[in-house]
Each structure stands twice: as C-alpha cells, then as structure tokens.
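User: I've got this model open and would like to go through it with you. Can we take it one question at a time?

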Amino acid sequence: METKKRIMSGMRPTGKLHLGHYFGVLKNWVELQNEFDSYFFIADWHALTTKYNQTQDLKQNVEEILLDWLSAGLDPCKSTIYLQSFVPQTAQLHIYLSMITPQNWVERDPTLKDLAKIMDAKKENLSNLSYGLFGYPVLMSADILLFNTDFVPVGIDQVAHVELTRDIARRFNNIYNTNLFNEPQPKLTQIPLLKGLDGNKMGKSFNNDIKLSDDNITTENKIKTGITDRNRIRKDDKGDPCNCEVIFDYWKIFANKEEVEEICCACKSASIGCFECKKRLASKVNQSLEPIRQKRIELQKNKSLIKDVLIEGSKKAQIEAQKTLDKVEAAIQMYK
C-alpha cells in the first residue's frame, strides 16, 4: 500500500472566520485531507508574536476557529488537528533550528520587510520588534519540519516562507551529515479574488467581511452595503458587470455559469436594479452556507467535544513530533 504524502498548514486564532478564509484556505484543506496525510494546527504561539499584550480573547478565538474548521468539513478522523502550544516539541525544535539559522536569512523574510516599512513610515524604531516576532519565521519552519512535511499548501505570497524552511532543512542536513529532513515543496493554491464589501481587502478589523457563522439576516444586511457599479445611479440605468467592483465577483463564486450569465444580462439591460441583485445574491450566499452554519450550531451545543478534538489531535501530533525530535537530537549528539 502506497504511503500518502504529508501536508501541513495552520492559522492564527484571530476570531470567527470569514469568506476570505474559507475560499482562500479552508475549502482547499477540506479537499486535500482526502488525498494527503494532513496536519492542521491552530497557531496560538504565532498569535503572541504581535498580540502578546492582547490575549483576553485568545481562548475564545481558539474555540471559534476550531468550530469553523469542523463546520466547514475538516474531519478529525481524516486529519490531525492540533493546538500549537499543546505540542511542546515544536518549541524544542525551534530552539535547535534557531541555533543554525543565520540572522540575515530571517531578516530577508518578506513579512518582516513589510513590517519594517510600516514601522519606518510611522517613525518607529525597529529595535522595538520583539524577539519572538523577529524569530517567528524559524518557528514557522519548526512547525513544518517537525512532521517532515512533503508539501505546504500556500498562496503565491507565502512561497518565501517555504523556501526559508527548505534552506534551513538543507543546512541542518549538511551540518550534521544526515538526510533527516525533507525539503518541503510549496503546494500552490489558486485563491479566488474576494474583496471585502467595501472594495478593500476583506478583514475583521475593516468591518467589511461576511463570516461563516453570520445568520441570514446579518448576511443580507451586509451584502446590501456591497459596492456595485458606481456609474449606475438609478435603477433604470444600464449597468456594466465589468465595473461592478464587488458584488459581481461574489456572484461568480456563489452561482453557476447560467445564473451568472442571467444576472449579467439583467444588469446590462437594467431589468434588475442593484438592490434586487444584492437581495438575490444574499439568498444564494445564505443557501450555500446553510449546511456549515447548521453544523456549527450543533457543535456549539457540545463544548466538551471541541476540547476533546484538540486534545486527541495534539496527542497524535506529539507522537509523530517526538519521533522527529529524537532523530534531531541523535544527529546533533545531544546528551541522553
């Protein structure tokens, strides 16, 4: 029997997930778990790199993100779902990897470069970066290498993280004359362009998102605020879906080809106004999300199940993680 290739990925617990998370990441994970030996983790340590002084919602956010994962179709029987801080081997491997990683490798991380630009624009001193934030790319590499991952599903903007991990794996193998670590490959995912309802990047902090857990009325009210063709002032003005900044993109994701063509023709002929268009779209969105929302409601009735999933998944992850850590310490020739 052929052994499945292994993938792993994670998310920071920042609260309830929105449609951008679902179509950009989660939907892909649900499909991949049927093909790969899959590890998915809630990155609570990574959350502390920037929110170390805002932890009042951390526990609740861990539960919320897990509820969304399970509701959307991640299956603990198919995937290993764990909490980063429940697998202490991650921190131990991070220490070993940090000892061999040159500082300039970390400094070239694009996320840190972007952060540096922001801080410079705000006239803030880069020395204010915490040690944890500066070193988080190595912690991310530890997350990946701990399970000798074959592939990491990422968008094109995250390939640099995987490349750093490959460099660290190669350096470790060379220093200690071993072939312990795979050099993981990025598994590129096509992320559909789904803007926030105001036309900007979708995000909770911008209050322009639709959450998987929103009810029907909330969803409809949010969609009513979505930007359409700014040149279309009155209902009987003919519109152009190509100029519809947000709403038409949602139609292309939530409707089939025939429905998209129908709404396109109706817009161009002014046989439908933007208000009615948004109302129909809200119905499509709510219909699509109904199974996820109903499952979430059922899961919320059994809070102990949520913690059990994390505990059992983390135990399973620890077993695999310890195998890797034992090999690492043997290669380094740590005292035992």
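Analyst: Happy to. One bit of bookkeeping before the charges: Lys and Arg count as positive and Asp and Glu as negative, while His and the chain ends are not counted. Also keep in mind that this is a predicted model.

User: With that in hand, how far apart do the centres of the positive and negative sets lie?

Analyst: The chain carries 47 positive side chains and 44 negative ones.

User: What share of the residues counts as buried?

Analyst: Buried here means under 20% relative accessible area. The chain has 336 residues, arranged with 14 helices and 5 strands. Of those residues, the buried share is 48%.

User: Which parts of the chain does the pair of Tyr39 and Phe147 tie together, and how many residues apart are they in sequence?

Analyst: Tyr39 and Phe147 make a stacked aromatic pair, 4.5 Å centre to centre with 25° between the planes. Tyr39 lies in strand S2 (residues 37–42) and Phe147 in the loop between helix H8 (136–145) and strand S4 (151–154), so the pair ties together parts whose separation in sequence is 108 residues.

User: Are those two, Tyr39 and Phe147, buried or exposed?

Analyst: The cut-off for buried is under 20% relative accessible area. Tyr39 falls in that class, and Phe147 does too, so by this definition both are buried.

User: Which residues do ring pairs link into a cluster with Tyr39?

Analyst: The structure holds 10 aromatic pairs. Ring pairs build a cluster that includes Tyr39, and the residues linked with it are Phe41, Tyr82 and Phe147.

User: Now Arg171: which ring does its charged end sit over?

Analyst: Arg171 is part of helix H9 (residues 159–175). Leaving out residues up to four places away in sequence, it touches Ile100, Pro102 and Trp105. Its charged end sits 5.8 Å from the centre of a ring, and that ring belongs to Trp105.

User: And what is the relative accessible area of Arg171?

Analyst: Partly exposed covers what lies between buried, under 20%, and exposed, over 50%. Arg171 is partly exposed because its relative accessible area is 32%.

User: Where else does a charged end sit over a ring, and how far is it from the centre?

Analyst: Look at Lys187 and Phe151. The charged end of Lys187 sits over the Phe151 ring, and its distance from the ring centre is 6.0 Å.

Note on methods:
Residues are numbered from 1 along each chain as its sequence is written. This is a predicted model: local features need pLDDT of at least 70, side-chain atom pairs count only at pLDDT 80 or more; totals for chains, interfaces and linings use all residues. Side-chain values use heavy atoms; hydrogens and water are left out. Rings of Phe, Tyr and Trp (its six-membered ring) pair if their centres lie within 6.5 Å; planes under 30 degrees apart count as stacked, over 60 as edge-to-face and the rest as tilted. Helices (H or I, at least four residues) and strands (E, at least two) are DSSP runs, numbered from the N terminus. Buried means under 20% relative accessible area, exposed over 50%, partly exposed in between (1.4 Å probe, protein chains only). A charge sits over a ring if NZ of Lys or CZ of Arg is within 6 Å of the ring centre and within 35 degrees of the ring normal. Contact means heavy atoms within 4.5 Å. The place of a charge is taken as NZ of Lys, CZ of Arg, CG of Asp or CD of Glu.
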